[in-house]
Amino acid sequence: MPDNALVVWLRLQRSLAEKNGVALVTLSQDGAAIGRIENDNSICKAMRVAPDYAPLCQADCGNAYDQALASGERIEYTCHAGLHCFATPVSIGKRQLVILGGRAFISTAEYTRFLRDYSDLPAVATGECLKNVKFLDARDLKQAGELVDSTASYHFHSVPRNAAPAATGNPQTSPELLDAHLEIIRLTDQLETRKRAISQFYNFLRGVAASLDSGKVYQSVLAKFSEMLKAERSSLMILNEESNELALEAALGAEHALAPVRVKLGEGVAGSVLASGLPLVVRDVETDARLPQTRAGRYRSKSFISFPITLGTRKVGVINLTERRDGLPYDNEDLSILELMSPHLALIIDRTEWHRKAEAYQRMSLTDPLTGLPNRRYLSDRLFEEVERSKRYDTPLSFMIIDVDHFKSYNDIYGHTNADIVLIQTAHLLRSLIRAIDMSARFAGDEFCIILPETEPETALQVAERLRHAVSETEYRAENGEPMGRVTLSIGVSSFSPTRQSPLAIIEAADRALYQAKMRGRNCVAVYDAAE
């Protein structure tokens with residue numbers, strides 16, 4: 001029965017107000033209080049009977065009923081005196097009620113401002129209105145509002161419609177039963193909130209797991225953790241098992257671009273956390289004896305979490321979070337969220353690292369280790385793709401083979417190490433002087449190749465001359481700084497044509513053109529001509 005439910009609610013309201021340190025009152029449709037105002041703020045009591053300030057109170061709390069009903073959900077506001085309040089709409093039967101609560105300062109600055117602005121209020125001068133002033137931090141006030149919201153919703157919605165009133169007509173509920181009821185509601189609400197957060201996080205992880213870009217994955221995951229735990233600064237470090245070092249892979253909130261950071265396992269905060277496998281939750285860096293004194297003062301916040309990420313017995317990395325947006329210290333509740341999420345983070349890191357290693361092995365198999373250019377295997381695959389594209393879209397394609405003239409003499413005179421310097425510097429020059437769509441590669445020994453998509457033979461000749469001239473004008477020096485003389489190139493150019501429509505035909509034509517360039521005395525460019 002609604003009346004019975006309301007009586008029980010008023011008892012719950014009293015317990016809620018006392019346990020959360022807030023004022024609470026239930027308002028009827030005409031804005032009048034039902035029952036008493038529980039744990040009321042003494043400032044509000046004085047204001048409501050002061051002729052000069054009662055209209056201001058009416059404009060704030062007096063209109064809260066209509067505003068909460070119009071919103072359809074809990075609203076939050078700050079009254080003229082600087083007190084933070086909330087109002088939650090509920091229904092019992094056909095009656096629309098509003099539960100008004102809070103009436104607390106969230107900072108001493110607000111209280112000081114109140115004393116200054118309302119010094120003419122007699123109750124301030126006598127101290128009468130300062131006997132029961134409420135102070136709560138923003139987080140506790142918000143949680144109190146959420147608990148009142150969920151408690152009222154759970155209570156009124158769970159009351160059977162045909163429930164009969166108690167035989168006495170005035171049901172008595174023991175304080176122990178009320179406390180048990182409140183605890184069940186609080187735990188249920190906490191569980192539901194956590195379930196929703198976990199569900200949202202799982203959906204996020206499924207989405208981010210589809211990405212194969214390790215940089216984007218790590219940055220996205222770190223951003224999500226920072227959002228959930230309200231961290232303005234955070235970092236993710238991954239363990240390199242070969243070097244036994246933690247490497248910084250992602251960071252948020254840094255004022256400047258971060259230089260590479262590496263920490264040995266067991267060293268520093270992050271290294272020690274991963275080595276021990278135990279998380280570190282610090283409420284105040286200045287008083288925590290576990291921390292080196294060099295840590296204090298590095299960040300604005302005095303609280304941080306450093307959490308080890310593991311996969312079974314294997315160590316994976318560390319996530320660090322600090323500078324909480326609401327200014328509160330991190331606690332065990334934050335730690336429990338990390339404990340729930342870290343296994344899934346570990347799996348994503350493991351998958352991402354395996355993909356990154358596979359990419360590295362793939363690059364190694366397709367890259368010349370001396371010059372860093374693609375090797376002959378990759379060149380063959382790319383040239384095949386470009387030839388097929390030219391066939392399909394009827395676009396031009398040119399190709400060149402480049403030979404370092406008299407390369408053997410550099411080996412004989414300056415030694416293998418300095419001869420390698422000639423190849424490395426030439427490779428860098430070639431790569432820097434071509435377009436982004438072109439591709440240079442090491443073909444074999446002292447030979448290089450360049451693929452020039454959408455390039456006519458005449459243009460390819462100009463490019464080849466520019467490359468030849470640039471190399472001949474470059475100073476090459478040995479490892480000891482000694483000049484190694486002038487380096488020159490011979491270049492053979494060929495192109496895709498009706499008679500050359502395969503990679504092999506194009507390579508062979510460029511090779512013949514290179515031979516022609518050498519026969520002309522080297523340090524020149526030759527374009528393949530079937531008539532020669």
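Predicted model: local features only at pLDDT ≥ 70, side-chain atom pairs only at ≥ 80, totals over all residues.
Figure 1. Glu447 belongs to strand β14, which covers residues 447-453. A salt bridge requires a nitrogen of Lys or Arg within 4 Å of a carboxyl oxygen of Asp or Glu. Leaving aside residues up to four places away in sequence, Glu447 touches Ile401, Ile402, Asp403, Arg442 and Leu514.

**Figure 2. The salt bridge between Asp149 and Arg74.** The structure holds 25 salt bridges. In the one shown here, the side chains of Asp149 and Arg74 meet at 3.2 Å, N to O. This pair links distant parts of the chain, for its two residues lie 75 residues apart. Asp149 is located in helix α7 (residues 138-158), whereas Arg74 is located in the loop between α4 (64-71) and β3 (75-78).

Figure 3. The side chain of Asp326 meets that of Arg324 in a salt bridge of 2.9 Å, N to O. The side chain of Asp326 also meets that of Lys230, at 3.8 Å, N to O. The pair of Lys230 and Asp326 links distant parts of the chain, 96 residues apart. Lys230 lies in the loop between α9 (214-228) and β6 (231-240), and Asp326 lies in the loop between β11 (314-324) and α11 (332-366). Lys230 is partly exposed, with a relative accessibility of 30%, and Asp326 is partly exposed with a relative accessible area of 30%. Arg324, by contrast, is buried, because its relative accessible area is 7%.

**Figure 4. The contact between helices α12 and α16.** Two packed helices are described by the angle between their axes and by the distance between those axes. The axes of α12 (residues 376-393) and α16 (residues 503-519) come within 9 Å and cross at roughly 110 degrees. Angles of 65 to 115 degrees count as roughly perpendicular, and α12 and α16 are therefore roughly perpendicular to each other. On the side of α12, the contact is made by Leu383, Phe384 and Val387; on the side of α16, it is made by Pro503, Ile506 and Ile507. By class, this contact has 6 nonpolar residues, with no polar and no charged residues.

Notes: Residues numbered from 1 in each chain as written. Heavy atoms only, no water. Helix = DSSP H or I, 4+ residues; strand = E, 2+ residues; numbered from the N terminus. Contact = heavy atoms within 4.5 Å. Buried < 20%, exposed > 50% of the residue type's maximum accessible area, 1.4 Å probe, protein only. Axes fitted to C-alpha atoms, helices over the stretch in contact; angles between N-to-C directions. Parallel < 35°, antiparallel > 145°, perpendicular 65-115°, else oblique. Nonpolar A, V, L, I, M, F, W, Y, C, P; charged D, E, K, R; others polar.
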